[in-house]
Structures are given as structure tokens and as C-alpha cells.
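Biologist: I have a new model open and would like to learn how to read it. Could you walk me through a few features?

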Amino acid sequence: MQSYKKLLSDNKAWAEKMLREDPEYFDRLAHLQTPEFLWIGCSDSRVPANQITGTQPGEIFVHRNVANLVIHTDVNLLSVLEFAVVHLKVKHIIVCGHYGCGGIKAAMTNHDYKQVLNMWLRNIKDVYQLYQEELDAIEDLEKRADRLTELNVKEQVLHLAKTSIIQRAWKNEKRPNLHGWVYGLKDGIIHPVFEMQAGSPIDSIYSFDDL
Ligand code: CO
């Protein structure tokens, strides 16, 4: 059997199993989506949001890109963010990076990945530069990449807080809380590394005063 056909036959088996266990399962999900969480994660196939958090379809609204970046001109991400915050009214947003991230490692090299990837990875290089002194002092390259992964997650959470979408929801509804997590590919454990409660202070130049 061709590999993609196995996906389709496994899907049928899965749907039948779900119906056997709960005949109302799909009816219920088709009519209601009320996730409490927005997950912004890496596209890496080893970091599936639902599986590593033990959650079911319907529980997490998901956006993924290379190295879980929050870029203020990314219409795709901003659409997901606005829909999740304004319409789904999520209570928590999680930016989840992972140790061993190929995007982070690539950004640490001086290799030319050609324009589109260079442009994307540039955002990670900018994080590196913010913390260059701390990072350059870590001699072990794997440990340095791990630390950059944590700092990258922190910076992406800060980027979320700079949007009017988040600031308006904080002002009017005291939500969502923002979380920066890093997942360990080697042990399957998620490490919280940064957090911003709704209403946390924001650098003044990024703060909107007429929301
Ligand atoms: Co990755």
C-alpha cells in the first residue's frame, strides 16, 4: 500500500473506533468548538500539541510554524490569534518551543539557506543578538541552542503582548494569560520557562493607551 493510502485507511479505523466508544462523539464536536487554549508551536512532526498534552480534538486551537515564531506582520498568525482571542475567547496562549529544534540550530549557523528561509530565520538571529553575551558564554553548542530555544520562546511571548489584540483583551476581559514552554524531545517533558499574566506591564513604546 502507498504510504498516503495508509493514512486514509487508518483514518477510517480511527473514526470507527471513536464511534464505537462514543456514538455521539462527532455530532458533539461538529456543533461545538470551545477550546480554552491557543497553542503556537513548532511545525516539527515530533511535537504534536494534542498528543504531548494528552488532550482531545476540540480542546486546543493550534497554529504551528518553523521555530514557533510570533511575527507582527504575519497575517496567518495574527488571524489565528485574533480568532482565538476575540471569538473563541481562549484563557491561555502557549508558545511551545522544543529542544533540538532544527530552526533554532539553523539560525545559529552562518549558512545561506536562500532568501525565504533566511528571512524567517532572521527573526531567531535577532533573538540571539539580544542575548549575545549570555549565549556566546555557553561553550557547549547543544546547551547554547537549548538556551536560545528558551529565550526565543520568551521573546515570542513578549511579541504577543505587544499586539493590540492581546492588550485589548487584557484591558476588557483580564485574559488570556501567556505561557512560554519548551518541550524535551528526549524525555517528553514540557518545561515552563516564562509567563505573563493578563495585565502584566509592557514596554511603554509598545503599549496602546487608547484601546
Ligand atoms: Co522546531
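This is a predicted model: local features need pLDDT of at least 70, side-chain atom pairs count only at pLDDT 80 or more; totals for chains, interfaces and linings use all residues.

Biologist: Let's start with the metal. Which protein atoms are the donors of the cobalt ion?

Modeller: For a metal, look for N, O and S atoms close by, here within 2.8 Å. The cobalt ion has C42 (SG), H98 (NE2) and C101 (SG), lying 2.0 to 2.3 Å from it. Their spacing in sequence is C-x55-H-x2-C. C42 belongs to strand β1 and C101 to the loop between β3 and α5, so this pair ties together parts 59 residues apart in sequence. Both C42 and C101 are buried.

Biologist: And the cores? Which residues have the most contacts inside the largest nonpolar core?

Modeller: That core has 25 residues, and L38, I93, L160 and L178 have the most contacts inside it. Helix α4 gives the largest share, five residues. Another core, of 17 residues, lies apart from it, and C101 is among its members.

Biologist: Now the rings. How do I describe a pair?

Modeller: A pair of aromatic rings is described by the distance of the centres and the angle of the planes. Take W39 and W181: they sit edge-to-face, 6.4 Å centre to centre with 80° between the planes. W39 is in strand β1 and W181 in strand β4, so they tie together parts 142 residues apart in sequence.

Biologist: Is W39 buried or exposed?

Modeller: Buried, at 0% relative accessibility. With W14, they form one aromatic cluster.

Definitions and conventions
Residues are numbered from 1 along each chain as its sequence is written. Side-chain values use heavy atoms; hydrogens and water are left out. Donors are N, O and S atoms within 2.8 Å of the metal (3.2 Å for Na, K and Ca); water is not among the atoms, so sites may look incomplete. Helices (H or I, at least four residues) and strands (E, at least two) are DSSP runs, numbered from the N terminus. Buried means under 20% relative accessible area, exposed over 50%, partly exposed in between (1.4 Å probe, protein chains only). A nonpolar core is a set of buried Ala, Val, Leu, Ile, Met, Phe, Trp, Tyr and Cys residues joined through side-chain atoms within 4.5 Å. Rings of Phe, Tyr and Trp (its six-membered ring) pair if their centres lie within 6.5 Å; planes under 30 degrees apart count as stacked, over 60 as edge-to-face and the rest as tilted.
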